[in-house]
Amino acid sequence: MTIYQNILAQSEQGQKRLAILIDPDKSTNADIEKTAIQAVNSGVDYFFVGGSLLVNNELDNCVRTLKNISNIPVILFPGDTMQLSSEADAILFLSLISGRNAEMLIGRHVVSAPYLKRSPLEIISCGYMLVESGKTTSVQYMSNTLPIPSDKMDIAICTAMAGEMLGLKMIYLEAGSGAKSTVPISMIEQVKQNINIPLITGGGIRNPQQANAAVKAGADIVVVGTAFETNSNLIAEMADAVHGLTKK
Ligand code: 1GP
């Protein structure tokens with residue numbers, strides 16, 4: 001079974017999943033090892049690896065460390081075309097469908113397609129929707145796109161529906177890493193009700209209550225990064241909050 005087939009099956013069965021986002025620039029090797037061990041012990045489901053801007057050339061090393069310690073699938077979450085590592089298991093082939101920057105919608109994809117075609121990575125196309133979250137996030141600045149206003153449910157719903165109709169395999173509803181506010185719960189609910197593909201959400205989730213509210217609203221995968229960078233002991237609680245009674 002491919003990673004995507006698994007995600008799809010879990011989504012259809014209502015099983016909720018936790019992904020840890022690791023930004024290779026913000027974590028030392030020792031941090032990554034510690035996080036990986038805690039992730040294994042807590043039953044974390046996926047690692048997402050990437051960032052809006054990576055400057056330290058640590059991506060391969062980060063993926064290798066995660067793979068050495070655990071069997072948890074490592075999925076690249078690239079901020080740009082340079083963030084490729086053939087040592088990962090899969091890549092989210094993100095099209096930034098909330099924006100109107102042609103480079104982020106299709107341009108970068110054209111450049112990376114021949115490399116990806118030759119790579120062993122599983123390619124998972126994903127409609128990436130940035131939602132306004134109280135401050136300018138790195139992804140907003142780096143992608144040069146306007147986020148969807150957090151009270152514009154109709155825009156969010158129609159964008160997600162269009163992404164699904166275009167054949168994208170998942171929707172990622174994103175407030176941006178380190179966001180002040182998470183994606184509104186009502187937006188997660190309404191987007192989920194209007195699509196039939198798995199829904200990922202993340203950005204600004206700092207405690208188990210927020211993670212639990214996101215899955216209850218319909219998110220299939222919750223992504224947390226920043227909160228674990230300062231307190232990796234939160235991983236177990238966050239995993240329990242996401243899995244609830246649906247796992248094990
Ligand atoms: C970013 O949604 C992820 O794409 C994680 O965000 O770092 O705020 O947890 P945080």
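**Charge pairs, ring pairs and helix packing**

Aspartate 23 is buried, at a relative accessible area of 10%; residues are called buried under 20% relative accessible area, exposed over 50% and partly exposed in between (1.4 Å probe, protein chains only). The structure is a predicted model, in which local features need pLDDT of at least 70 and side-chain atom pairs count only at pLDDT 80 or more, while totals for chains, interfaces and linings use all residues. Residues are numbered from 1 along each chain as its sequence is written, and side-chain values use heavy atoms, with hydrogens and water left out.

Aspartate 23 takes part in a salt bridge with lysine 26, with 3.9 Å between the closest N and O atoms. A salt bridge is defined here as a side-chain nitrogen of Lys or Arg within 4 Å of a carboxyl oxygen of Asp or Glu. The model contains 6 salt bridges by this rule. Another of them joins arginine 17 to aspartate 45, whose closest N and O atoms are 3.5 Å apart. Arginine 17 belongs to strand 1 (residues 17-22) and aspartate 45 to the loop between helix 2 (29-42) and strand 2 (46-49), so this pair ties together parts that are 28 residues apart in sequence. Helices (H or I, at least four residues) and strands (E, at least two) are DSSP runs, numbered from the N terminus. Arginine 17 and aspartate 45 are both buried. A further salt bridge, between the side chains of arginine 108 and glutamate 103, has an N to O distance of 3.5 Å. Here arginine 108 is partly exposed at 30% relative accessibility, and glutamate 103 is partly exposed at 40%.

Aromatic side chains form 5 pairs. Rings of Phe, Tyr and Trp (its six-membered ring) pair if their centres lie within 6.5 Å; planes under 30 degrees apart count as stacked, over 60 as edge-to-face and the rest as tilted. Phenylalanine 77 and tyrosine 172 make a stacked pair, with 5.1 Å from centre to centre and 15 degrees between the planes. Phenylalanine 77 is in the loop between strand 3 (74-76) and strand 4 (90-96), and tyrosine 172 is in strand 6 (residues 170-174), so the pair ties together parts 95 residues apart in sequence. Phenylalanine 77 is buried at a relative accessible area of 9%, and tyrosine 172 is buried at 1%. Both rings belong to a cluster in which ring pairs link Phe48, Phe77, Tyr128 and Tyr172.

Charged side chains also sit over rings; the criterion is that NZ of Lys or CZ of Arg is within 6 Å of the ring centre and within 35 degrees of the ring normal. The charged end of arginine 118 is placed over the ring of tyrosine 115, 5.7 Å from the ring centre. Lysine 169 lies over the face of tyrosine 4, with 5.4 Å to the ring centre.

Contact means heavy atoms within 4.5 Å. Beyond its neighbours within four places in sequence, serine 95 contacts Met104, Leu105, His109, Cys126, Gly127 and Tyr128. Serine 95 is buried, with a relative accessible area of 10%.

Two packed helices are described by the angle between their axes and the distance between the axes. The axes are lines fitted to C-alpha atoms, for helices over the stretch in contact, and angles run from 0 to 180 degrees between N-to-C directions. The axes of helix 2 and helix 3 (residues 59-69) come within 9 Å and cross at roughly 35 degrees. Their crossing is right-handed; a crossing is right-handed if the near helix is turned clockwise from the far one by less than a right angle, and left-handed if anticlockwise. Asn29, Ile32, Glu33, Ala36, Ile37 and Val40 of helix 2 meet Asn61, Cys62, Thr65, Leu66 and Ile69 of helix 3.

For helix 2 and helix 10, the axes again come within 9 Å and cross at roughly 35 degrees. In this contact Thr35, Gln38, Ala39 and Ser42 of helix 2 face Ile235, Ala236, Ala239 and His243 of helix 10. The buried residues pack against strand 1, helix 2, helix 8 (208-217), strand 8 (221-224) and helix 9 (226-230). Histidine 243, in helix 10 (residues 234-243), is buried at a relative accessible area of 2%. Its contacts, apart from residues up to four places away in sequence, include Arg17 and Asp45, the partners in the salt bridge described above. Just after helix 10, glycine 244 has a positive phi of about 50 degrees.
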